[in-house]
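My notes follow the order in which I checked things.

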Amino acid sequence: MSRTVEQIAALGTHANKISTDSLAIRVQAHPVPSVSARSIRSVKQGSGRNEDIELATLGRPDSKTRHQVGTESNEKELAPQAQEHPASSIESDNAEKWGARLQFATVCWSILTIGWNDGATGPLLPRIQDHYHVGYAVVSLIFTLNFVGFIVGALANVYIVDKLGFGKAMVIGASIQLIGYAIQSAAPPFPLFVAAYGINGVGLALQDAGGNAYVASLKDNSKTKMALLHSIYGNLMLRYGFARHGFTNNTGTGVFLSPLSSTQFSKISHWSFQYLTALGVTLVNIVFLISVFRFRRLEVALADVGQARTETSSPSNGENKYRQIFRIKEVHYLATMLLIYIGVAVTIGGWSVTYIINVRGGGSNSGYISSGFGGGVALGRLALLGITKLLGDRNAVFLYILLAICLELVVWLVPSLIGDAIAVSFVGFVLGPIYPIVISHAGKILPHWLFAGCVGWIAGFGQAGSAFVPLITGAIASARGIEALQPLMVAMMGAMLVLWLIIPSTARRPE
């Protein structure tokens with residue numbers, strides 16, 4: 001018996017044909033990976049009988065030979081186990097795919113709340129001014145506090161994510177946002193109302209940083225998903241813009257698209273109840289974040305859906321993470337570019353209506369221009385994916401910025417109401433893809449062990465542009481008139497072009 005076992009073990013190394021008096025070995029063409037210990041035990045149990053035991057050869061990976069040594073009972077015993085593993089593997093793969101989709105959908109909902117917030121501020125400004133009896137300069141304090149909130153949130157994100165993890169940071173951000181909306185919905189005294197915008201800024205920055213870091217960390221279709229993520233943001237601005245402008249025709253019929261927001265809030269005494277709708281959307285967001293991510297860190301959440309963990313430890317032993325991030329000049333280039341980009345997008349979407357009405361003599365339906373711009377942003381982020389892939393990220397961004405500058409010059413220099421409206425929509429269309437491209441490019445050139453923190457700061461600081469640039473625009477409009485809008489936008493787009501020129505196209509070397 002021991003001699004038989006030794007022969008079977010030698011068979012795994014040399015793949016030779018063994019024949020004994022008590023064993024019959026049949027050779028057939030079938031690839032089996034290895035000789036199992038169970039098969040050897042079966043030989044021991046089968047000693048003394050003329051039986052067949054199934055064994056596999058250990059040879060080249062493409063070996064087509066199978067050795068069967070064993071009894072029919074052993075073959076029946078092993079067959080169900082061989083079939084069970086592929087089935088469980090398929091079920092596991094399906095569960096991971098659905099888990100990944102659910103995680104991505106949850107992140108999209110978080111970004112949707114940011115679009116909801118940014119799309120509401122511009123259309124509500126006239127009603128806020130009427131209610132609190134303030135002018136352009138004073139109402140611009142909304143953007144000032146919002147900007148401060150974004151900066152605080154972007155700075156805090158690095159620490160919170162490092163200490164508590166991605167899942168907890170997202171829930172904290174959504175909860176802070178909920179507090180801000182609760183205050184605003186009561187239409188409190190103006191100082192408290194403005195302070196609520198600062199609170200909102202902190203919460204939005206945390207979620208924007210986390211959402212972008214999550215999608216940028218994906219290894220499967222990251223660019224496409226980044227474009228889809230931010231098209232949802234733009235699409236929300238489009239739909240919310242229609243609903244909140246409260247467009248009317250001569251018979252007073254309201255025109256709106258989104259059933260989640262009501263045109264009538266801007267017309268009734270309790271106009272601030274509009275923030276209750278934002279509060280409801282944010283409450284749903286908190287439920288999703290808790291139930292899907294369950295307060296886990298980013299690498300754990302990704303591993304749960306089948307993405308292998310990557311090394312995130314820093315080669316700089318014990319060095320402060322803030323210091324590591326902020327000494328990387330590319331981080332500041334990227335953050336500044338997104339600050340200008342988001343500021344330009346929000347400013348065009350909000351102030352273009354005022355420009356068309358005051359400078360081009362547009363009527364109440366001029367509000368459609370803001371919605372057209374938002375629709376262009378949403379559509380461009382998806383429709384231009386093929387062009388971006390064909391040209392490459394770097395060349396595509398150069399092209400999109402140059403086209404946007406040309407179209408903005410049309411709005412500035414061509415006194416045509418319809419022509420300007422169409423040009424504004426196409427400005428949104430060509431600007432749309434830039435944000436997801438920049439975030440994806442950050443993943444190529446920044447150290448992988450600092451990637452989540454870097455992207456969090458870039459996205460959070462960039463989001464501050466939604467408050468900073470409109471604030472500057474409001475101040476200039478108060479001093480020089482709304483006519484200064486277009487040259488300001490052209491200058492800002494030119495600054496984006498210069499920044500993209502100095503941002504490297506290849507990964508930086510670790511210091």
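Is Asp304 buried, partly exposed or exposed? I found Asp304 partly exposed, at 43% relative accessibility. Buried here means under 20% relative accessible area, exposed means over 50%, and partly exposed lies in between (1.4 Å probe, protein chains only).

Basis of the entries. This is a predicted model, in which local features need pLDDT of at least 70 and side-chain atom pairs count only at pLDDT 80 or more, while totals for chains, interfaces and linings use all residues. Residues are numbered from 1 along each chain as its sequence is written, and side-chain values use heavy atoms, with hydrogens and water left out.

Salt bridges. I looked up the total and got 5 salt bridges, each a side-chain nitrogen of Lys or Arg within 4 Å of a carboxyl oxygen of Asp or Glu. Asp304 is in one of them, with Arg296 as its partner at 3.3 Å, N to O. Arg296 is buried, with a relative accessible area of 13%.

Next I checked Lys223 and Asp393, whose side chains form a salt bridge at 2.9 Å, N to O. This pair links distant parts of the chain, 170 residues apart: Lys223 sits in helix α8 (residues 222–245) and Asp393 in helix α15 (residues 393–413). Helices are DSSP runs (H or I, at least four residues), numbered from the N terminus. Lys223 is partly exposed at 40% relative accessible area, whereas Asp393 is buried at 10%. I also noted that Lys444 joins Lys223 and Asp393 in a network of salt bridges.

The salt bridge between Arg360 and Asp420 came out at 2.5 Å, N to O. Arg360 lies in the loop between α12 (329–359) and α13, and Asp420 lies in helix α16 (residues 417–431), 60 residues away. I found both Arg360 and Asp420 buried.

Asp208. I then turned to Asp208, in helix α7 (residues 190–217). Asp208 is buried but has no salt bridge, and Arg381, the nearest side chain of opposite charge, is 9.1 Å away. For charge, Lys and Arg count as positive and Asp and Glu as negative; His and the chain ends are not counted. Beyond neighbours within four places in sequence, the contacts of Asp208 (heavy atoms within 4.5 Å) include Ile111, Ile114, Tyr435 and Gln463.

Helix α13. Arg381 is also among the buried residues of α13, as are Ile369, Phe373 and Val377. I compared the length of α13 (residues 368–383) with expectation: its 16 residues should span 22 Å at 1.5 Å a residue, and the end C-alpha atoms are 21 Å apart, which agrees. The expected span is 1.5 Å times one less than the number of residues.

Technical notes: Helices (H or I, at least four residues) and strands (E, at least two) are DSSP runs, numbered from the N terminus.
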